[in-house]
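Subject: Structure for your files, with notes

Hello,

Here is the structure you were expecting. Please keep it open while you read the notes below it.

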Amino acid sequence: MSKNKAKILVSTVLTSSVLLSGCGLFGTETEKKIDPPKSVTIKEDTPSKKTSATEASKEAQANTVKTELYLVDKDGYVVPQTLDLPKTSSVAKQALEYLVANGPVTDLLPNDFRAVLPEDTELSVNIDKDGVATVNFSKEFKNYQAEDEMKILQSVTWTLTQFDNVKTVKLKMNGHDLTEMPVNGTPISENLSRATGINLDTTNVTDITNTKPVTVYYIGGEEGSYYYVPVTRRVSNSEKDNYVAVVNELIKGPSEKSPLVSEFMSDVELLEAPKYEDGTVTLNFNENIFGSFKEKEISQHLLDSLVLSLTEQEGVEKVAIQVKGKEDIKNESGKKLTEPVTRPEKVNTGSF
């Protein structure tokens with residue numbers, strides 16, 4: 001699908017707190033009796049019902065915690081989906097249990113998504129003081145299809161590393177260290193991390209040894225249910241500026257065979273080198289960054305993809321946008337981007 005497909009005109013699936021944080025992803029019943037032979041009527045006060053519903057919603061939220069689960073979509077991509085899971089003291093273990101097929105996640109799965117761990121897999125998770133999460137799977141772990149091998153590694157690694165106290169992941173099965181996956185023999189790093197990548201795309205890469213990975217977020221799904229998909233691309237080691245590399249991959253867009261899209265047009269350019277200071281990257285674009293030249297607005301999807309992609313870089317917490325050196329710009333809702341934009345706490349929080 002071409003990245004130049006018609007502009008996506010739907011609201012972002014990030015939390016409402018996402019984007020402009022930093023500027024900132026998230027009565028009683030009455031009864032009236034009338035003397036016989038007239039009938040008795042009961043009037044219900046609508047605000048009371050609304051209040052009850054609101055209270056029930058608040059109570060439900062108080063008993064749940066938003067958790068990113070890396071699930072597989074219909075196109076085979078490993079994608080974060082934020083779901084409300086029951087509160088527990090073992091959040092890491094619970095997150096992995098919700099990756100088990102036909103397990104507790106079944107009724108929560110978004111349309112066209114599936115869990116990756118084999119059915120009936122049991123597990124334990126131990127996190128040490130160095131941030132290493134050791135996962136011990138039961139023997140059922142080996143009951144997966146070979147084509148899911150990399151997806152399982154990526155799903156487990158990225159689901160666990162969402163937690164601040166987890167830096168790397170180590171895998172075991174029946175108490176024995178796994179140095180390779182049990183079905184197709186994919187080698188397993190001693191300590192898996194996000195640096196390993198996700199949804200690896202090596203299109204047109206002839207010499208991988210002279211490249212380095214960068215992870216960018218493209219747009220997947222369909223109208224009414226779009227979501228952000230992290231994809232790890234390989235870029236030349238000659239590109240010393242990782243921020244420039246990220247922007248260039250967003251502009252280049254996903255491979256032609258991919259169903260993913262990017263809202264960056266091919267004529268978008270950085271007018272100068274990105275500037276980094278105290279966790280904030282400042283980017284100065286030409287006017288082609290605007291989704292609407294008349295209103296001079298930046299597409300929300302484009303902004304989301306940019307912020308998600310750049311904050312995958314170590315030390316980046318916020319992104320400031322300029323156009324031809326000017327900071328007085330707006331998103332498609334007309335809200336001025338007066339301050340740097342922060343990454344959302346959770347990604348893809350919409351329910352489809």
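What follows is a set of notes on pockets, a helix, strands and a few loop residues.

This is a predicted model, in which local features need pLDDT of at least 70 and side-chain atom pairs count only at pLDDT 80 or more, while totals for chains, interfaces and linings use all residues. Residues are numbered from 1 along each chain as its sequence is written, and side-chain values use heavy atoms, with hydrogens and water left out.

Pockets

Rolling a probe the size of a water molecule over the atoms shows where empty space is left. Here a pocket is an open set of points on a 1 Å grid over the protein atoms alone, where a 1.4 Å probe fits and protein lies on both sides within 12 Å along at least five of seven lines; lining residues have an atom within 4 Å of a point. Grid points are joined across faces, edges and corners, and a volume is the space filled by probe spheres set on the points.

The largest pocket has a volume of about 1100 Å³. It is lined by 30 residues, of which Thr 161, Arg 194, Thr 311, Glu 312 and Arg 343 are the closest to its centre. At least two lining residues come from each of β3 (64-72) and β9 (211-222), and β9 gives the most, with 4 residues. Helices (H or I, at least four residues) and strands (E, at least two) are DSSP runs, numbered from the N terminus. By class, the lining of the largest pocket has 12 nonpolar, 8 polar and 10 charged residues. In that count, Ala, Val, Leu, Ile, Met, Phe, Trp, Tyr, Cys and Pro are nonpolar, Asp, Glu, Lys and Arg are charged, and the others, Gly among them, are polar.

The second largest pocket has a volume of about 250 Å³. Of its 16 lining residues, the closest to the centre are Thr 203, Asn 204, Arg 233, Glu 249 and Lys 252. Two or more residues of this lining come from each of β10 (225-236) and α4 (242-252); β10 gives the most, with 4 residues. The lining of the second largest pocket has 3 nonpolar, 7 polar and 6 charged residues.

Helix α4

α4 is mostly covered, with 8 of its 11 residues buried. Buried means under 20% relative accessible area, exposed over 50%, and partly exposed in between (1.4 Å probe, protein chains only). Among the buried residues of α4 are Tyr 243, Val 247, Glu 249 and Ile 251. The buried residues of α4 pack against β9, β10, β11 (275-277), β12 (280-285) and α5 (300-310), where contact means heavy atoms within 4.5 Å. At the start of α4, the backbone nitrogen of Tyr 243 has a side-chain oxygen of Asp 241 within 2.9 Å. Gly 253, with a positive phi near 80°, follows α4.

Strands

β3 and β4 run antiparallel and are joined by 9 bridges; two strands pair if DSSP finds at least two bridges between them. Thr 64 has Pro 86 in β4 as its bridge partner. Their hairpin has 5 residues between the strands, and Gly 76 in it takes a positive phi near 90°. Strand β4 (residues 78-86) has 7 of its 9 residues buried, so it is largely enclosed by the rest of the structure.

Elsewhere, 4 strands form an open sheet of mixed pairing in the order β5-β6-β7-β8. β5 (123-127) and β8 (176-177) are at the edges with a single partner strand each, so one side of each is left without a neighbour in the sheet. The antiparallel pair of β5 and β6 is joined by 5 bridges, and Leu 123 stands opposite Phe 137 in β6.

Loop residues

Glu 140 is in the loop between β6 (132-137) and α3 (149-160). Its side chain makes a polar contact of 2.6 Å with the side chain of Ser 138 and one of 3.1 Å with the side chain of Lys 139. A polar contact is a pair of N or O atoms within 3.5 Å; within protein, one must be able to donate a hydrogen and the other to accept it, and residues adjacent in sequence count only if both atoms are side-chain atoms.

Asp 148 is also in the loop between β6 and α3. Asp 148 is buried, at 9% relative accessible area, and its side chain makes a polar contact of 2.8 Å with the side chain of Arg 114.

Regards
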